[in-house]
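Biologist: Please take me through the features of this structure one at a time. I would like the general idea, then the case here.

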Amino acid sequence: MRDPYEVLGVARTASAADIKKAYRQLAKKFHPDRNKNDPKAASRFAEINSAYEIVGDEEKKAKFDRGEIGPDGKPRFSGFEGFGGGPGGFSGFSRGPGGPGATHYEFNFGGDAARGGFDPSDILSELFGGAPRRGRGAPPRRGDDVVATATVPLEAAAHGGSARVLLPGGRALDVTIPAGIDDGQQIRLRGQGQPGPVGAEAGDAIITVRIASHPYFRVEGRDLRLDLPVTLYEATLGGKIAAPTLAGRVELTIPPGSNGGRVLRLRGKGLPAHDGKPAGDLYVHLKLMAPERPDAEYEALMNKWRAEKPYDPRKDM
């Protein structure tokens, strides 16, 4: 994975605002909806989002700048003291219970064969056609599971799609993303992990799905949030305006006298139903926008309002 600063085209000294600006410009340029005839746009879009997940997050950016994590967000190890750390050396990783809906993976260093560590006689016996040394009647040891992360566009998480994932060891795998999947949900691919000893089944590949940042929508569980710019006259007089959703634009009714920050709810317009969970909602936050270059007539109207109809929206603060 490339350096995230290089991906976004910004210097390491760039401010958070400049990084966000560069991300938004690139995300809009390479968004799959705008590049339906370019098969490379989706992977470029995913790379841009992965880069922003590192340098767009203050804590991750600091860790990356200090060299504590790599461009993929994973910790960098300074060394294993000759791959040792104990009499038994490195013994792989074990799987145990994690948080809700998650699996915890723990790397084990040290220990001997009696505690489940590395036993060279197992490998030697396999090389010469024998079975690994283990208790009589014990089933063959299963291959290890592997873990990886798939960062997908919001549209793929909502409508389904596929993502190419690079597994430990460099093997690439195309993963089917089911429609409506949650951020952080895991997909288990049977038999796609490390191969087991002779006569044993392979481990599994456990893929954690992460939804990439979107230029417009913010994901909150199964709900989405959208900041929608509106004019002063639209907010004052009300009316119908077009608003984007994951299913396309819809006509949204603005009540007369709406203020900036008012939230309108569109039921069922968030992430679609999935795995027994209902569809989420889309919460639209109205954002009042004045003209960027107000003309003399607009300024005269504002001066007249200030002189003849003053009001203080901050009186209760």
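**Helix packing and cores**

Modeller: In this predicted model, Glu-53, Ile-54 and Val-55 of α3 meet Lys-60, Lys-61 and Phe-64 of α4, contact being heavy atoms within 4.5 Å. Helices are DSSP runs of H or I with at least four residues, strands runs of E with at least two, numbered from the N terminus. The residues of this contact are three nonpolar, no polar and three charged.

Biologist: At what angle do α3 and α4 pack?

Modeller: Two packed helices are described by the angle between their axes and the distance between the axes. Here α3 (residues 40-55) and α4 (residues 58-65) pack at about 90 degrees, with axes 5 Å apart. They are therefore roughly perpendicular, a term for angles of 65 to 115 degrees.

Biologist: Which residues have the most contacts inside the largest nonpolar core?

Modeller: A nonpolar core joins buried Ala, Val, Leu, Ile, Met, Phe, Trp, Tyr and Cys residues through side-chain atoms within 4.5 Å; buried means under 20% relative accessible area with a 1.4 Å probe, protein chains only. The largest has 38 residues, and Leu-167, Ile-177, Ile-187, Ile-207, Leu-252 and Val-284 have the most contacts inside it. Apart from it lies another core of 19 residues, including Tyr-5 and Phe-64.

Biologist: Is His-285 buried or exposed?

Modeller: His-285, in strand β13 (residues 282-288), counts as buried at 18% relative accessibility. Among the residues it touches, leaving out those up to four places away in sequence, are Arg-218, Asp-227 and Arg-262.

Biologist: What conventions apply?

Modeller: Residues are numbered from 1 along each chain as its sequence is written, and side-chain values use heavy atoms, without hydrogens and water. Local features need pLDDT of at least 70 and side-chain atom pairs 80 or more, while totals for chains, interfaces and linings use all residues.

Note on methods
Buried < 20%, exposed > 50% of the residue type's maximum accessible area, 1.4 Å probe, protein only. Axes fitted to C-alpha atoms, helices over the stretch in contact; angles between N-to-C directions. Parallel < 35°, antiparallel > 145°, perpendicular 65-115°, else oblique. Nonpolar A, V, L, I, M, F, W, Y, C, P; charged D, E, K, R; others polar.
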